[in-house]
Each structure stands twice: as structure tokens, then as C-alpha cells.
Amino acid sequence: MKPVKLLLVALLLLLPTLLVSQSSGGVDPASLLKPLADTWPTYSGDYTGRRYSALKQVDRNTVKNLTLGWIGRVNPALGAGTIVGGEGAEEWTPGNVSVRGAVLMVDGILYPTAPDHVWAIDARDGRQLWHYYWKTRGGTHIGNRGVGIWRNYLFFETPDNYLVSLDLKTGKERWHVEIADFDQQYFSTMAPMIIGDHVIVGTGNDLDAPGFLQSYHPETGKLEWKFYTVPMNPGDPGLETWPNLDAARHGGGFSWVPGVYDPETRLYIFGTGNPTPGYTGAGRPGDNLYTCSLVAVNVDTGKMAWYFQTSVHDTHDWDSAQTPILIDATINGQPRKLVSTAARNGYFYTVDRVTGKHVVTTKYGSYSNWAKGLRPDGTVEPDPLKEAIIPGSLVSPVEGGVANWPPPAYSPDTGFFYTKENNGFNVLYLTDPDPRGSMGLAGKQPFGLNLGSIGDFLTAIDPRTGKIGWRRKLYGGGGGGLLTTAGGVLFASDGSGNFVAYDARNGNPLWHTRINISNAPQTYMLDGRQHVLVASGDTLYDFLLY
Amino acid sequence: MQRWTKPVTGLFLLFCLTTVLIGQQRGGARGGAVPAAPGAQGNRGGGGGGRPAPTNFPAQQRVIDTALAARGNPLYATHCGTCHGTDLRGGQRGGTNLLRSAIVLNDKAGELIFPVVRDGLNNPGMSPMPPMSVSQDDVKAIAEYIASIAATAQRQGGPPPGPPVTLNILVGDAAAGKVYFDAKCGSCHSVAGDLKGIAARFTNPRDLQNSWLAGGGGRGGNAARVTATVTNQNGQKVEGQLNRIDDFIVILTLADGSTQSFRRNGDVPKVEIRDPREAHRNLLPAYTDKDIHNVTAYLVTLK
């Protein structure tokens with residue numbers, strides 16, 4: 001045969017294989033590099049953390065016609081078809097569950113979670129396809145931020161610190177591995193991040209213990225690397241920012257919210273939690289690296305490339321674990337590769353995502369009052385008089401912060417970084433003046449000054465300058481995360497129990513419905529129509545245009 | 001940390017639940033925590049097991065042998081307390097805080113602690129611990145004592161409550177507080193009127209300070225009643241207590257106890273809100289801590 005014919009035959013022979021591998025479904029990790037549009041295959045939709053969808057069916061004009069497709073409740077009851085796993089002795093079945101993380105959408109199937117539970121739900125009608133239940137050993141059951149999907153495998157973390165892998169189609173367990181020490185009171189909530197052949201997992205704690213981030217292999221569950229967020233050995237970088245090694249080793253910095261990934265530099269960039277003890281810094285004088293920091297680690301080696309501390313020597317439990325956003329923008333005529341984050345402490349930062357060098361620091365929490373000023377490197381100098389003190393210090397924001405884990409969004413069309421801005425005051429009394437410091441989050445008593453809203457906002461920030469583009473006054477604080485689209489819409493909670501579509505240019509409401517959301521809204525295409533999905537407690541709401 | 005609650009021990013957790021629920025200040029910030037409620041829809045479909053989830057799970061805490069722990073108490077004092085502190089939280093002689101030690105937290109019956117006592121511990125960068133001659137049985141008792149103290153730890157990683165400490169929050173200057181009060185508070189409040197004898201209403205200065213900052217002291221406790229007038233396009237006015245307002249609806253409770261709701265569309269209808277807390281709220285960004293402490297020092301003199 002001629003070479004051309006040979007090639008043709010070979011292609012014909014290969015065709016079934018190609019078709020099978022294409023139709024086998026799941027998530028090809030390479031597809032996660034694509035901009036967010038038709039599916040929702042990872043925590044933030046794509047690696048940038050922008051939560052900006054390229055979809056345009058729902059736009060500023062059509063959004064008023066959004067209509068309910070279906071309502072579905074996730075059911076934690078252990079039914080006949082429930083797949084049970086876990087290391088616990090008993091089957092605890094909670095009366096209430098709440099979806100407070102991402103609901104991945106792949107091949108027309110949704111994967112919502114709650115602590116110890118994963119469901120597969122038909123995205124066309126909200127019907128349950130399978131339910132996996134994990135018998136827990138116990139521990140802190142605060143929330144679960146969702147699953148990660150690598151090809152046809154699903155991954156999630158349990159409160160008692162297991163990484164569990166399921167078969168995507170059936171929900172049957174493949175394996176589980178322990179990722180943190182239960183006896184040291186770690187608990188795990190993060191949505192695993194799939195990057196190439198890495199499953200990146202983070203873990204939380206409230207007791208004084210070291211934070212870390214780990215990578216596991218998706219096939220074998222084998223640990224690939226472990227990166228500690230605090231110095232663990234003599235000579236470790238950052239040790240000079242702690243009084244001694246013992247303090248550093250119990251210094252916190254937990255990694256409990258998914259970060260973002262820059263494929264060009266192969267850097268995974270994430271935020272770390274507060275130092276411990278949380279409120280009593282007496283036993284840990286110094287900046288306490290790398291707690292409350294943006295940290296970039298090489299995804300293949302787990303080695304840190306750079307850091308930027310967003311809350312120096314934090315003493316207010318203001319974790320800086322919130323998801324940052326990768327932004328490409330032009331500053332002073334120069335195209336820049338940036339990463340921005342709106343920290344829980346009320347400060348907004350933009351840094352160069354290749355070098356970690358500072359670009360912008362501004363205060364976006366209108367009343368944040370704990371700082372003395374800026375340092376030359378762009379970090380913020382905390383005012384020790386605004387720590388918890390015996391006669392009480394008046395501090396804004398409150399413990400929950402100006403923002404928290406509910407994710408922000410960024411639109412390249414408007415150029416705005418969108419965030420919730422929750423402004424509150426409390427009086428912080430020091431109740432444990434022991435010079436060793438207290439432990440965990442103890443040693444203080446806050447008194448919240450609930451005098452009605454002093455001004456909570458949905459806030460649009462120019463990440464190149466840190467300047468406020470607009471603020472939409474809200475009548476209440478809190479609420480879920482954000483979603484923005486190429487249709488010019490910004491979906492958010494208004495903090496008063498409404499799910500609202502705002503005009504991304506100016507914050508004017510375009511559509512709303514009375515749903516008190518508990519996660520971040522998402523959007524995707526199904527059967528040629530753009531859907532918007534959001535959770536409220538145990539209930540999923542699917543909206544679309546007809 | 002991720003949350004306001006950190007279950008540590010069963011007993012303490014139950015006690016804490018109320019605190020936790022109350023403590024969810026602006027709870028929506030984390031998506032509206034839903035505490036596990038026993039009961040409802042908790043049973044396995046097939047009639048099988050599945051107990052209602054407790055607010056605390058059988059977590060990181062073993063059952064304590066109290067007799068063994070009691071035997072360990074004086075042994076701890078003899079062998080360990082000098083360096084590790086009588087409260088186990090570490091001492092000036094370099095002993096580490098045992099209540100957050102990975103070895104202690106993983107120990108089940110002295111099996112991890114004993115080798116450390118026998119051989120000592122010399123970790124680079126850490127204070128060395130010398131080898132000590134203590135019998136395995138005694139170490140087991142000491143380990144049980146340590147576990148018994150760890151079992152009283154507070155939520156969110158807090159240590160066991162220590163002996164009560166009286167902290168004096170009165171650090172302000174009463175004379176300066178009077179000057180501030182007369183200038184900033186006097187237009188609404190009077191020490192001879194609504195605030196007469198205010199200090200006598202509180203058992204401690206901290207409660208007094210919290211109360212006046214929150215605007216809860218004066219005018220017979222009505223200070224927090226927010227009212228509003230809604231004026232429709234025909235000029236009709238409806239007045240009442242403000243129940244709820246957002247961008248889309250305003251709800252009033254009328255004088256007869258009924259409620260009336262109005263759809264909002266931008267500035268229509270017109271809504272005027274009268275919030276007695278507004279003056280207090282507007283002071284929040286303006287106070288210095290010194291102002292606050294001075295005013296409290298002044299108000300405690302008003303018995």
C-alpha cells in the first residue's frame with residue numbers, strides 16, 4: 001500500500017479508540033486550561049479564579065427572563081442506593097446539610113457536597129443519580145467546598161482528614177488516604193484542585209499546629225509533596241519572623257480554600273490562614289511567615305517560588321485563605337501578569353504573579369481601623385493597640401472579616417475585581433493576658449456592636465490601581481460568592497436574602513429572586529441553553545432562559 | 001480559622017452550642033452556617049441504622065481513667081511541672097506546651113510519652129529534654145493525668161479554663177470622659193435624666209461599656225426601635241416600625257399591629273427611615289479607644 005493509504009487505514013483502525021476516549025467523559029486535566037464556558041469542571045470554573053464565564057445568552061437585557069428550571073434538594077438520608085464508606089464506628093446522619101462550596105458540572109451531571117456527603121445529580125431535572133456517604137470519625141463539620149475531578153475519578157476531603165476518590169460514574173469508592181492527623185484536631189474542607197496529574201489538597205485546624213499543602217497522585221493516592229506554610233526545621237526560611245522554632249511549628253497558616261494556577265509559570269498560588277494562637281500574639285512576636293500570605297508554589301515540586309504577606313502578624317483571626325484572582329492587565333503601558341486578592345482584613349492587594357513583587361495596596365474595607373500604615377514593601381503595619389486589650393479596643397472588621405471564603409470575581413470586560421464588603425465593629429477584650437499567649441482562638445471576648453448596618457457593600461475595584469469603581473449599598477452583610485459573565489451580569493447575594501443579577505458596569509440590579517444563597521452561583525451550557533445554578537442550604541436552584 | 005466553633009470535648013461542646021449559635025456574628029459571611037439538628041430525615045431508607053448526628057462527634061478524646069489520672073497528678077508535679085508548667089502550657093525553663101504537642105495528642109496510654117521520658121528529646125532548634133528515670137507505670141499515670149487536663153480544653157483550640165482572673169477595664173480618665181460626654185452625647189442624653197444612676201444598672205464596668213457603645217442605655221430601652229415613613233406616588237404616607245428593607249421591598253408594622261409591604265423600585269416609593277441608633281453608629285468610626293475608656297470611667301461614677 002501507498003503511504004497515504006497506509007495512514008488512512010491506520011486512522012480508520014484508530015478511530016474507535018479515539019472516539020471511545022473522547023466519549024468516555026470525565027475531565028481531561030488539559031481541558032481545565034481553557035477559559036470558563038460550557039461546563040464547570042473545577043472549583044472556580046477555571047484556574048484563574050475569575051469566575052468570569054464567556055457565556056452570553058444571559059446578558060444585561062435577557063437576564064430579566066431567567067426562569068426556574070427545577071428545584072432539587074440533596075438528601076443526606078442513607079437510602080438503599082447509598083454507597084457507604086469511612087473509618088468511623090457509627091452512621092451519623094445529620095438532620096440538616098448545607099451546600100457551601102462549588103457544584104462541579106461535567107457531562108450533564110452536577111456534583112454537590114456537604115461534610116461526609118457527595119451526590120451526583122442530573123443537571124436536567126435535579127434527580128439524584130448516586131449518593132456517597134462517609135462514616136466519620138468525627139471532628140469539626142463546618143463545611144465542604146466541593147470535589148475535584150480528574151478524568152473519570154472524583155476526589156473530596158472529609159472532616160476527619162481523608163482524601164477519598166470515587167468512580168465518577170458510579171460513586172463507588174476507589175481508595176481513601178489519610179491527609180492530616182486527626183488527633184492534632186486537623187479537619188479538612190477544601191475542594192481538591194486538579195492540576196495535571198496532581199491532586200492538591202489543603203487542611204484546616206483551630207488548635208496551634210502547622211499548616212500545610214499537599215499533592216497526591218490521582219491514580220495511586222500516593223503523596224507527591226508536602227509544603228509547610230510555617231518553618232518546621234532550623235534554618236528554614238521565615239524562621240527569623242518567629243521567636244523560636246517551637247512557636248513556628250505551632251504557628252498555623254492553614255490552607256483551607258482552593259487557590260489559582262498559572263500554567264506559564266507552573267505556580268499554584270493560594271492564601272494561607274491566620275497564625276496561632278489566633279488572638280494572643282504575645283508568644284509569637286514577629287511577622288509570622290508564611291501565615292496570612294499569598295504563597296506561590298511550583299505544582300510539580302511543592303517548592304515555594306515567592307510569597308507576599310497580606311496580614312502581617314495577624315491577631316484577629318483574619319485568615320487570608322480567600323481565593324485570589326489571576327489578572328492580565330496593562331499598567332503604565334506595560335502588559336502585566338498579576339494576581340489580586342481582597343483580604344479578610346479589609347485590604348486589597350495586587351502583586352506580580354511571576355515575581356511576587358508588590359504592585360498595589362489599598363484599603364477596601366471602608367472602616368478597617370487596625371493598621372498603622374504601609375511598609376515600603378507594600379505590606380500593612382498592624383497597630384498593636386488594635387489587638388484585643390484588657391479595657392477593650394474598638395475594631396473593624398469583626399472576626400468574619402470584610403470578605404471571607406465566598407469567592408470574588410473579575411471581569412476583563414469591565415476591568416473590575418468584585419468583592420463583598422462587610423463592615424462591622426466589635427469591642428475586643430483580652431481575657432487571657434498570660435505572657436505565653438493563649439491557645440487556638442481563645443483568650444479574647446468580642447462584643448459585637450450590632451447597631452444596624454454601618455454600610456455593607458458589593459464593591460468593584462480596579463485591580464491596577466486599587467481604586468473603587470463603584471459601591472452598591474447592601475442592607476445586610478455576608479451571603480455567598482460571586483459570578484460574572486461576558487453577558488455583562490454580576491450574580492450575587494444582596495445580604496438580605498435575595499439572589500440578584502447586577503449590571504457589572506455599575507451595580508444596578510437587573511433581576512432578583514428571594515433565595516438566600518449559601519454558595520457561589522455558577523453558569524454553564526446544557527442542551528444549547530445557558531443555565532445558572534445556585535444553592536441555598538440543602539436546595540439547588542436551576543435557572544435558564546427559554 | 002474557618003469557623004467560630006471548634007469541638008474538642010463532648011461535655012464542653014454541648015455547653016458551647018448556645019454560645020456558638022449566638023456567636024455567629026454576621027454569620028452569612030460564611031454562607032449561613034447550618035448547625036446539625038437531630039431528628040428530621042435522619043433515618044436510613046431501608047429501616048437500618050443511622051443515628052441523628054450529635055453536635056459533637058466522638059472526636060479527638062479518649063475516655064479518662066479518673067483513678068489513674070488522680071495518681072498521675074502528683075507525679076506530674078514532681079517530674080514534669082517545673083518545666084512544662086503547672087497548667088501544662090509550658091514554662092520559663094523551656095518546657096513546651098504539652099496541650100498542643102503532637103506526641104501528647106497522639107498518645108493513647110503513655111506509649112508515646114514513655115520513650116521521650118526515658119530517652120529525653122533533643123530536637124535541633126528546640127530546648128532539649130533530659131532523659132529521666134520514671135517507671136513505665138508512673139508515666140502511664142502521668143499520661144492519663146495530662147489527657148484528663150486536655151479533656152477540659154475549650155472550643156476552637158482553647159486551653160482549659162484557668163483560675164478566674166479579675167481584669168480591670170477601668171483605665172480611662174473620668175474627667176476627660178465628662179468633657180467628651182458633654183460635647184458628643186449631651187445633646188441626646190442627660191446624666192440627670194435618662195442616664196441617672198446608670199452605673200447602678202450594671203454589675204461590672206465591661207457590661208456598662210458594651211451597653212453604652214451599643215446605644216442600649218437611655219430612654220427606657222426603646223432606643224433600638226427603627227421607624228419609617230413610606231410615601232407613594234400619590235403622596236399618601238404610611239408610618240410604622242421598620243420590619244425589613246432591601247432594594248426590592250420595605251415592610252412596616254403599623255400601629256394596629258398589622259404589617260404592610262411595599263414593592264421598591266429605585267426611589268419609588270419614597271422611604272424615610274428614622275433610626276435612633278444612627279448617632280451611635282456614626283460615632284463608631286470616630287471614637288478613639290481612649291475616648292471610649294474615658295467615657296466609661298465617667299459613667300461608672302454615676303451610681
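L110(A) has I121(A) as its bridge partner in strand β8 of chain A, in a model that is predicted, where local features need pLDDT of at least 70, side-chain atom pairs count only at pLDDT 80 or more, and totals for chains, interfaces and linings use all residues. Residues are numbered from 1 along each chain as its sequence is written, while chains are lettered from A and ligands numbered from 1 in the order in which they are written. Helices (H or I, at least four residues) and strands (E, at least two) are DSSP runs numbered from the N terminus, and two strands pair if DSSP finds at least two bridges between them.

Strand β6 (residues 109–111) of chain A pairs with β8(A) in the antiparallel sense through 2 bridges. Strand β7 (residues 113–114) of chain A also runs antiparallel to β8(A), again with 2 bridges, and here A114(A) is opposite H117(A). The hairpin formed by β7(A) and β8(A) has 2 residues between the strands, and D116(A) in the turn has a positive phi of about 75°.

On pairing with strand β9 (residues 128–135) of chain A, β8(A) is antiparallel over 5 bridges. H117(A) has Y133(A) as its bridge partner in β9(A). A hairpin with 5 residues between the strands is formed by β8(A) and β9(A), and its turn includes G126(A), with a positive phi of about 80°.

Elsewhere in chain A, G281(A) is located in the loop between β19 (267–271) and β20 (293–298). G281(A) counts as buried because it has 21 C-beta neighbours inside 10 Å. Residues in contact have C-beta atoms, placed from the backbone, within 7 Å of each other; residues up to four places away in sequence aside, G281(A) touches H313(A), T315(A), E387(A) and G437(A). From G281(A) to N369(A), the separation is 88 residues in sequence and 18 Å in space, C-alpha to C-alpha.

Confidence is expressed as pLDDT, the predictor's confidence in each residue from 0 to 100. For chain A the mean pLDDT is 94, with 95% of residues at 70 or more.

Chain B contains 10 helices and 6 strands, and 33% of its 303 residues count as buried.

How values were computed
Buried ≥ 20, exposed ≤ 12 C-beta atoms within 10 Å, placed from the backbone. Contact = placed C-beta atoms within 7 Å.
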